[in-house]
Amino acid sequence: MGEIVAVKVFFETPFGFAIFCFDGGFLNEANDIETLWTHFVSKTTASLAILPLGFEMFENKLDAINPISRITCQYDEAVLEVMWGLKNLLHTLLPQEKSELSEEDSKHRSRGLQFFLRRHGFSIEPQLVDGQMAKAACFVYHCIEIDKEILECFHEDEYLEEEGINTNGWNALKYATALLLMCTDEPSSGPDQASTLTVGMR
């Protein structure tokens with residue numbers, strides 16, 4: 001993530017309007033549709049991307065809409081993902097708002113979360129994906145990303161590759177286990193140790 005780009009988000013709740021400051025850099029990342037949802041599964045993840053600036057309730061919402069009707073706004077799939085996230089954490093980010101979302105608003109689903117679930121073999125009807133499931137999916141997402149980062153570090157130094165071990169298709173845990181075995185195993189006078197490790201880790 002580069003320089004933070006502050007973007008104001010105007011969000012309608014059941015009985016009022018809220019303004020948030022959002023890190024617009026997330027809207028410009030590659031594959032942002034597939035990752036934006038991960039910032040809106042808990043108060044902790046949201047705190048890294050969005051900050052509530054104010055909230056006010058209105059008996060007549062036109063009183064709030066009319067003054068801003070001429071402001072240029074962004075409206076695309078990325079913004080819809082942010083809207084889903086704010087709805088998902090409505091009462092966490094805005095505890096003052098006691099009302100529940102309307103049935104229509106509750107139908108709003110995260111496309112990025114659906115992409116992630118399908119990619120990893122989870123065939124779940126969109127209406128069954130609730131906040132708790134989104135949080136669990138986020139844990140899985142970060143585990144996968146951390147695994148990729150660690151594995152990339154291992155591959156940069158080519159510890160096992162220099163010993164002639166084929167590590168294609170390995171995850172970080174498998175690589176680390178093989179590396180540990182190689183570092184702690186006593187020299188063997190039998191078959192080539194690298195071959196033994198390769199077979200043992202399959």
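Modeller: Contact here means heavy atoms within 4.5 Å. The model is predicted: local features need pLDDT of at least 70 and side-chain atom pairs count only at pLDDT 80 or more, while totals for chains, interfaces and linings use all residues. Residues are numbered from 1 along each chain as its sequence is written, and side-chain values use heavy atoms, without hydrogens and water.

Colleague: Fine. What does tryptophan 37 touch?

Modeller: Leaving out residues up to four places away in sequence, tryptophan 37 touches Glu81, Trp84, Ser110, Gly112, Leu113, Phe116, Ala134, Ala137, Cys138 and Tyr141.

Colleague: And which residues have the most contacts inside the largest nonpolar core?

Modeller: Phe20, Phe22, Trp37 and Leu86, in a core of 34 residues. A core is a set of buried (under 20% relative accessible area, 1.4 Å probe, protein chains only) Ala, Val, Leu, Ile, Met, Phe, Trp, Tyr and Cys residues joined through side-chain atoms within 4.5 Å.

Colleague: Which element gives the largest share of this core?

Modeller: α4, with 6 residues. Elements supplying at least two residues each include β1 (6-13), β2 (16-23), α4 (77-88) and α8 (131-157). Helices (H or I, at least four residues) and strands (E, at least two) are DSSP runs, numbered from the N terminus. A second, separate core has 9 residues, among them Ile165 and Trp170.

Colleague: Switching to α7. Which of its residues are buried?

Modeller: Gly112, Leu113, Gln114, Phe116 and Leu117. Their cover includes α1 (32-35), α4 and α8.

Colleague: What follows α7?

Modeller: Glycine 121, with a positive phi near 85 degrees.

Colleague: Last one: where does leucine 53 lie?

Modeller: In strand β3, residues 50-57. Leucine 53 counts as partly exposed because its relative accessibility is 48%, between the buried limit and the exposed one of over 50%.
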